[in-house]
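Please examine the sequence and the structure shown below. The briefing that follows takes up selected local features in turn.

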Amino acid sequence: SAALVGDYYQRVFAAVQAGTEPPVCRGEMEYYRKDGSIMTGELQVIPLVDADGQVFELLGVTRDISARKVFEAKLTEMAVTDPVTGLWNRRHTTELLAADLERGQPLTVLMIDIDHFKAINDSHGHRTGDRVLTEVARRLREQVRQIDVVGRWGGEEFVVLLRDCDEAEGLESAEKLRRTISDTPFGAAGASTVSVGAAELAGSEDRGSPLDR
């Protein structure tokens, strides 16, 4: 950014005035390509000095690291999401829950379990079972607010963190989610139902939460 470059020049001038070795600048900046797309560049500026130690040139080199940044972002996404449903995975959901408890905000947690899910896998195969999991995840995401969190807890279990929500409101949401699942069949798998448990958590409760028991 302009601030990065401006700060660097100030440090170079200060070093020249003090007679000390000028610093090297390293950082990342965004540039516009000729076609208007944005490139992430790794910038390195090296001060060149003469025999008397005077800076006579600043050599700047920029390397396109856009592909690397995309790859790093993909790795980060894979570390926190469930590969089947695209929801937050259990580890990241636990981290979000711990952060919510630390803030002490009103919170209701829903634990959702697909009923008789083993029978779906046994009768229709694991591919159909994965499609049911993905569809359940989609319906859950569509029914909650943007501030809420939906995560896959494992197997056929899901967790919903209803932020700024007391137990009464949480029970209403739980019933709405239950109907969302049961009222529309899942293609070849047919109709399916879920069991939902709700717990209101206060900020003073232990971070481990009832979900770890």
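In this predicted model, the side chains of Ser 182 and Asp 183 form a polar contact at 3.3 Å. Ser 182 belongs to helix H6, which covers residues 167-182.

**Surroundings of Ser 182**
- Leaving aside residues up to four places away in sequence, Ser 182 touches Ser 192 and Thr 193.

**Strand S4 and its partners**
- Strand S4 spans residues 107-114, and six of its eight residues are buried, so the strand is largely enclosed by the rest of the structure.
- Strand S6 (residues 157-163) pairs with S4 in the antiparallel sense over seven bridges.
- Within this pairing, Thr 108 has Leu 162 of S6 as its bridge partner.
- S4 is also joined to strand S7 (residues 194-201) by eight bridges, and these two strands run antiparallel.
- On the S7 side, Gly 197 is the bridge partner of Met 111.

**Helices H4 and H5**
- Two packed helices are described by the distance between their axes and the angle between them.
- For helix H4 (residues 117-124) and helix H5 (residues 126-143), the axes come within 7 Å and cross at roughly 140 degrees.
- H4 and H5 are therefore oblique to each other, since angles count as roughly antiparallel over 145 degrees.
- H4 contributes Phe 117, Ile 120, Asn 121 and His 124 to the contact, where they meet His 126, Thr 128, Gly 129, Val 132 and Leu 133 of H5.
- By class, this contact of H4 with H5 comprises four nonpolar and five polar residues, with no charged residues.

Terms used. Residues are numbered from 1 along each chain as its sequence is written. This is a predicted model: local features need pLDDT of at least 70, side-chain atom pairs count only at pLDDT 80 or more; totals for chains, interfaces and linings use all residues. Side-chain values use heavy atoms; hydrogens and water are left out. Axes are lines fitted to C-alpha atoms, for helices over the stretch in contact, and angles run from 0 to 180 degrees between N-to-C directions. Helices (H or I, at least four residues) and strands (E, at least two) are DSSP runs, numbered from the N terminus. Angles under 35 degrees count as roughly parallel, over 145 as roughly antiparallel, 65 to 115 as roughly perpendicular and the rest as oblique. Contact means heavy atoms within 4.5 Å. Ala, Val, Leu, Ile, Met, Phe, Trp, Tyr, Cys and Pro count as nonpolar, Asp, Glu, Lys and Arg as charged, and the others, Gly among them, as polar. Buried means under 20% relative accessible area, exposed over 50%, partly exposed in between (1.4 Å probe, protein chains only). Two strands pair if DSSP finds at least two bridges between them. A polar contact is a pair of N or O atoms within 3.5 Å; within protein, one must be able to donate a hydrogen and the other to accept it, and residues adjacent in sequence count only if both atoms are side-chain atoms.
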